[in-house]
Amino acid sequence: MDLLLISILNSVINAEIEFDMKEFTIKEIQDQVDELIQTLNGYWPPLAMLASVTEELGELAREINALEKIKVKKKSEIEKNIGEELADLFFSILCISNHYKIDLNSEFQQVLDKYQKRDKNRFLN
Ligand SMILES: [Mg+2]
């Protein structure tokens, strides 16, 4: 993990302490990420952010592989958890969304609608 990402994660962790543990809308989360990123010299170039998504996806895969005992971790590897890696991945996705000014709330509603219609009878036996 590079130093900038560690710095961002530390800022997120410290920022969490300042907030109440309330539930946020996707818009509020996008706004919080944007505020944080603005304090950290702005967003990375899009392809660097995409690389971060793939890095975090790989870390998530590593954790699931370890949890499911498919590929046991080396003793030297840091213990993490799936929730942390999902949050890292979500953070990286939010950065790309914010960079392109995408309203993820709206997009997510459309995705739910799409799956509900398309897969309405797909998994019924
Ligand atoms: Mg990670």
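Q: Axes are lines fitted to C-alpha atoms, for helices over the stretch in contact, and angles run from 0 to 180 degrees between N-to-C directions. At roughly what angle do the axes of α3 and α4 cross?
A: You are looking at a predicted model, where local features need pLDDT of at least 70 and side-chain atom pairs need pLDDT 80 or more, while totals for chains, interfaces and linings use all residues. Residues are numbered from 1 along each chain as its sequence is written. Helices (H or I, at least four residues) and strands (E, at least two) are DSSP runs, numbered from the N terminus. The axes of α3 and α4 come within 9 Å, and their crossing angle is roughly 165 degrees.

Q: Is α3 roughly parallel or roughly antiparallel to α4?
A: Angles under 35 degrees count as roughly parallel, over 145 as roughly antiparallel, 65 to 115 as roughly perpendicular and the rest as oblique. The α3 and α4 axes cross at roughly 165 degrees. Relative to α4, α3 is therefore roughly antiparallel.

Q: Is the crossing of α3 past α4 left-handed or right-handed?
A: A crossing is left-handed if the near helix is turned anticlockwise from the far one by less than a right angle, and right-handed if clockwise. Where α3 passes α4, the crossing is left-handed.

Q: How many nonpolar residues are in the contact of α3 with α4?
A: Two residues are in contact if their C-beta atoms, placed from the backbone, lie within 7 Å. From α3 the contact includes P46, M49, L50 and V53, and from α4 it includes L86, L89, I93 and I96. Ala, Val, Leu, Ile, Met, Phe, Trp, Tyr, Cys and Pro count as nonpolar, Asp, Glu, Lys and Arg as charged, and the others, Gly among them, as polar. By these classes there are five charged and three polar residues, and the nonpolar ones number 14.

Q: Is I96 buried or partly exposed?
A: I96 is part of helix α4, and beyond its sequence neighbours up to four places away it touches P46, M49, L50 and V53. A residue is buried if 20 or more other C-beta atoms lie within 10 Å of its own, exposed if 12 or fewer, and partly exposed in between, with C-beta atoms placed from the backbone. I96 has 16 C-beta neighbours inside 10 Å, so it counts as partly exposed.

Q: Is α2 roughly parallel or roughly perpendicular to α4?
A: The axes of α2 (residues 26-38) and α4 (residues 82-99) come within 10 Å and cross at roughly 85 degrees. Relative to α4, α2 is therefore roughly perpendicular.

Q: Which residues in α4 do I29, Q30, V33, D34 and I37 in α2 meet?
A: Here α2 meets α4 through five named α2 residues, I29, Q30, V33, D34 and I37, and their partners in α4 are F91, L94, C95, S97 and N98. Sorted by class, this contact has six nonpolar, three polar and one charged.

Q: Are α2 and α5 antiparallel or oblique to each other?
A: The axes of α2 and α5 come within 8 Å and cross at roughly 140 degrees. The two helices are therefore oblique.

Q: Which residues does L104 touch, not counting residues up to four places away in sequence?
A: L104 lies in α5, and in the contact between α2 and α5 the residues I26, K27 and Q30 meet L104, N105 and F108. Although L104 and Q30 are 74 residues apart in sequence, their C-alpha atoms are 8.2 Å apart. The residues that L104 touches are I26, Q30 and S97.

Q: How many buried residues are among the 15 residues of α5?
A: Helix α5 covers residues 104-118 and reaches 20 Å from its first C-alpha to its last, close to the expected 21 Å. This helix is hardly covered, and its count of buried residues is zero.

Q: Which loop holds K101, a residue that is not a glycine but has a positive phi?
A: Most residues other than glycine have a negative phi. K101 has a positive phi of about 55 degrees, and it is exposed, with 8 other C-beta atoms within 10 Å. Its place is the loop between α4 and α5.

Definitions and conventions: Expected span 1.5 Å × (residues − 1).
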